Amino acid sequence: MKISILTLFPEMFDIFNHSIIGKAKSNGIVEIEAINIRDFTLNKHKKVDDYPYGGGAGMVMTPQPLVDAIRNTKTNNKGKVIFLGPRGKTFNQKMARELSKEDELVFVCGHYEGIDERVYKHIDMEISLGDFILTGGEMAAIPVIDSILRLKSGVLGKEESYEDESFSEGVLEYPQYTRPEDFEGDKVPEVLLSGHHENIRKWRRAKSLIITKERRKDLYDKLILTKEDKKILEKYK
Ligand SMILES: C[S@@+](CC[C@H](N)C(=O)[O-])C[C@H]1O[C@@H](n2cnc3c(N)ncnc32)[C@H](O)[C@@H]1O
C-alpha cells in the first residue's frame, strides 16, 4: 500500500520508521512518503499561510501550495485524497477496514486555523479524530494511518493478530492474562489454564459481552445476541 502525506512537518512522520509499521516499510509491504507542502509555494518568502479575510485570530493555509501539492502527488498516487479535520466523519474501525482495502491513499494535514475553503474541491473525504481540536492534522493522520496499515495483509506478524480484538465483532475485547499465574495473590481465571478450548472460547465471548455492556452500551444495544450468548451470559455473569 502506498500512502502519501502532505504536511508542513514531514519529520513528524518519522514515527513510522519504528515498530510494526517500520518493519512493514523495510519489508516493502507499505510505502509512506511525507511531502512538504512548503516546497510547492510560489511565494518568494516561502509563506504558506495568510490572514483570514473578514478578520479573526490566527492564520489560514493559502490554497496555492496545497492545491499544487495535491495535483503533483496525484500524478503518482491515484488514491482518495483525505483531509484530516474536525468537520469530517468521526473515524472508527469500520472506516479503517474499508480504507485498508485501497492500494493508495493521500492524506492532507491542515495547520494553524485550517485551510482555505477552496481547497476542499480537491478533497474526496474528511476524517475527524473526534470532537476536539488538535494543533495540526499530523496528530490525527498518525493514528488513522497506523490503524489502516495494521489491517493490511503481512503487516502484523503471526504473534500479533487483529482477529478477536476490540471492535472486530462489534464488541470490546475480553480480558487477557500472561505469566505469572499468580500475581500478588491475584490469580488467572481457572478456565484459561484448563486447556479446554471450547470453554475458553465461551468464557471470552461472555466477558467481551459483559465488558461491552458495562463500558459501551451504545455498541451493546446494536448486538443481536444468539441463544448461546444468552446462555453463557447467564453462566458467567
Ligand atoms: C487548530 S486546528 C484548526 C481548527 C479550526 N479552526 C476549527 O475550528 O475547525 C488545525 C488543524 O488541525 C487538524 N485538526 C484539528 N482537530 C482535528 C480533529 N479533531 N480531527 C482531525 N484533524 C484535526 C486540521 O487539519 C486542522 O486544519
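Helix H6 buries Ile-200, Trp-203, Ala-206, Ser-208, Leu-209, Ile-210, Ile-211 and Thr-212 (buried: under 20% relative accessible area, exposed over 50%, partly exposed in between, 1.4 Å probe, protein chains only). The model is predicted: local features need pLDDT of at least 70, side-chain atom pairs count only at pLDDT 80 or more, and totals for chains, interfaces and linings use all residues. Residues are numbered from 1 along each chain as its sequence is written, and side-chain values use heavy atoms, with hydrogens and water left out.

Cover for the buried residues of H6 includes helix H5 (190-193), helix H7 (217-220) and helix H8 (227-236). Helices are DSSP runs of H or I with at least four residues; strands are E runs of at least two.

H6 and H8 pack at about 85 degrees, with axes 9 Å apart. They are therefore roughly perpendicular (65 to 115 degrees; under 35 is roughly parallel, over 145 roughly antiparallel, the rest oblique). Among the H6 residues in contact (heavy atoms within 4.5 Å) are Trp-203 and Leu-209; H8 residues include Ile-232 and Tyr-236. The contact residues divide into 7 nonpolar, 1 polar and 7 charged.

The whole structure holds 2 aromatic pairs (ring centres within 6.5 Å; planes under 30 degrees apart are stacked, over 60 edge-to-face, the rest tilted).

| Pair | Type | Centre to centre | Between planes |
|---|---|---|---|
| Phe-13, Phe-16 | stacked | 6.4 Å | 20 degrees |
| Phe-83, Tyr-120 | edge-to-face | 5.6 Å | 85 degrees |

Phe-83 lies in strand S5 and Tyr-120 in the loop between strands S6 and S7, so this pair ties together parts 37 residues apart in sequence. Phe-83 is buried at 5% relative accessibility. Phe-13 is buried at 4%, and Phe-16 at 3%.

Definitions and conventions: Axes fitted to C-alpha atoms, helices over the stretch in contact; angles between N-to-C directions. Nonpolar A, V, L, I, M, F, W, Y, C, P; charged D, E, K, R; others polar. Phe/Tyr/Trp six-rings, centres within 6.5 Å; stacked < 30°, edge-to-face > 60°.
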